[in-house]
Amino acid sequence: MSYEKELVAAKKAVSLAARLSQGVQKTLLQSEVWTKSDRTPVTAADFGSQAVVSIVLQRELQPAIFSLVAEEETGELRKKGSEVFLEGVTKLVKDTLASEESYTDSPPSTEDVLNAIDCGKSEGGCSGYHWVLDPIDGTRGFVRGEQYAVGLALLVEGEVVLGVMACPNLPLASAVGETDESSQENVGCLFFATAGSGAYVQPLEGNSLPQKVCVSSNENLEEAKFLESYHKPIPIHSSIAKKLGITALPVRMDSQAKYAAVSRGDAEIYLRFTLSGHRETIWDHAPGFIITTEAGGVVCDAAGKSLDFSKGKYLAHETGIIVTTKKLKPWVLKAVKEAMDEEKLDL
Ligand SMILES: Nc1ncnc2c1ncn2[C@@H]1O[C@H](COP(=O)(O)O)[C@@H](OP(=O)(O)O)[C@H]1O
Ligand SMILES: [Mg+2]
Ligand SMILES: [Mg+2]
Ligand SMILES: [Mg+2]
C-alpha cells in the first residue's frame with residue numbers, strides 16, 4: 001500500500017493546523033492559557049488545530065470510515081463560562097479553512113467545531129485504520145514562543161504506516177549546534193514518511209520540493225549530540241551520556257521536533273526517561289516514530305524493543321524511550337543498562 005491519498009490529505013490537514021497555530025502563537029496572552037486536570041497547559045490553538053485536522057481529513061477522505069485518536073476533548077469547552085473562548089476557537093477554525101479555496105463553501109458552526117474535536121475519542125487498537133493526532137505537541141514550548149509540532153500518524157492493523165509533522169519554528173538548516181544567525185531565522189519544516197518509502201522534509205511555506213532525510217552517520221560518540229525534553233532535567237540522561245563519552249551538554253527542546261531533528265541528522269540521540277510513572281500516549285510518539293525509522297533511525301524502549309502502538313491510547317513499553325541511529329544503538333543500550341543498574345531501575 002502506498003497511502004498516497006492519505007498522505008496528501010494528512011499534509012494538507014497538518015499544514016492548515018500549523019497555519020492556525022502560528023497565528024495564535026504570535027499574539028498569545030498568558031491569560032488565554034488554560035490548565036487541564038493533569039496540570040498541563042492547553043490553548044485555543046490546541047483545540048482549533050484538532051478541529052481543523054479532523055474536518056480536513058473527513059472531507060478529503062470521505063466516504064471512508066473515520067477513526068481519530070487525539071489528545072483534546074471538549075468537556076471544558078462545553079461548560080458555562082467558556083462561551084467567549086469557544087467563539088474564539090470557532091473563529092480560528094473558520095478563518096483557517098476560509099484561507100483554503102476548496103473550503104470556502106460551508107463555514108463550520110460552533111457545534112461543527114465541537115463535534116470535529118469530539119471525533120478524536122477513538123481508542124485506536126490493533127485492527128482497522130486509526131488516525132493519531134497531537135494537535136499541538138509541546139504546548140509548553142508553544143506558550144513560551146519556542147518549539148512545538150503538529151503531529152499526525154496513521155495506524156493500520158496496529159502498525160504506524162504514515163506520519164506527518166509540522167515544526168513551524170524549526171530552522172530549515174540544523175536546529176542544533178553552531179549555525180549562523182540568518183539560517184536560524186529561516187524556519188518552518190514539514191516532515192513526512194510512509195512505511196517503506198523513506199522520510200522527507202519540505203519548507204512549510206512555498207512550493208519547494210521535498211528532500212529525503214537521513215539520520216547521522218557519525219559513529220564518534222565524543223562528537224555526538226543528544227536531545228531531551230525541555231521541562232525537567234532527568235538525572236539518568238546525564239549518567240547515560242557520561243557513560244557514552246558524550247562531551248556536549250544536552251540540547252533541550254520541546255515536542256516531537258526532537259524526533260525530526262534526529263531524523264535529519266541534527267543530533268544522534270534523543271533520550272526520554274520520565275520521573276514519575278508518566279504514561280506515554282501514542283500521539284506523542286507515532287509521527288516521530290515513523291519519520292525517524294524511515295530516515296534510518298531506531299526507536300525503542302530501554303530493553304531495546306521497538307514501540308508497540310497497537311494497545312490503545314497508551315504505549316506499552318519498558319521504562320525509557322531511546323531514539324538513535326542503528327550504528328549507535330548497541331552502545332546506547334549498553335550505557336542505558338549500566339545506568340539503570342546503578343540507579344536500581346527495573347527494565
Ligand atoms: N510529567 C511528564 N512527564 C513526561 N511527559 C509529560 C509530562 N507531562 C506531560 N507530558 C507529555 O510530554 C509532551 C511534551 O513532550 P516534550 O516534553 O518532549 O515537549 C506533552 O505533550 P503536549 O504538549 O502535547 O501535551 C505531554 O503529553
Ligand atoms: Mg504531546
Ligand atoms: Mg498536545
Ligand atoms: Mg497537552
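How many bridges join strand β4 (residues 129-137) to β5? Seven bridges join the two strands, which run antiparallel. Strands are DSSP runs of E with at least two residues, numbered from the N terminus, and two strands pair if DSSP finds at least two bridges between them. This is a predicted model in which local features need pLDDT of at least 70 and side-chain atom pairs count only at pLDDT 80 or more, while totals for chains, interfaces and linings use all residues. Residues are numbered from 1 along each chain as its sequence is written, and side-chain values use heavy atoms, with hydrogens and water left out.

In β5, A149 is the bridge partner of D137. On its other pairing, β5 is joined to strand β6 (residues 159-171) by seven bridges, again antiparallel, and V156 stands opposite E159. The two strands form a hairpin with two residues between them, and E157 in the turn has a positive phi of about 50 degrees.

In a regular strand the side chains alternate between the two faces of the sheet. In β5 (residues 149-156), A149, G151, A153 and L155 on one side and V150, L152, L154 and V156 on the other are all buried, where buried means under 20% relative accessible area (1.4 Å probe, protein chains only).

Turning to the metal site, the magnesium ion (ligand 3) is coordinated by E71 (OE), D134 (OD) and I136 (O), at 2.0 to 2.2 Å. Donors are N, O and S atoms within 2.8 Å of the metal (3.2 Å for Na, K and Ca); water is not among the atoms, so sites may look incomplete. The donor residues are spaced E-x62-D-x1-I in sequence. D134 also coordinates the magnesium ion (ligand 2), 3.6 Å from ligand 3. D134 is buried, with a relative accessible area of 1%, and I136 is buried with a value of 1%.

Notes: Chains are lettered from A and ligands numbered from 1 in the order in which they are written. Buried means under 20% relative accessible area, exposed over 50%, partly exposed in between (1.4 Å probe, protein chains only). Helices (H or I, at least four residues) and strands (E, at least two) are DSSP runs, numbered from the N terminus.
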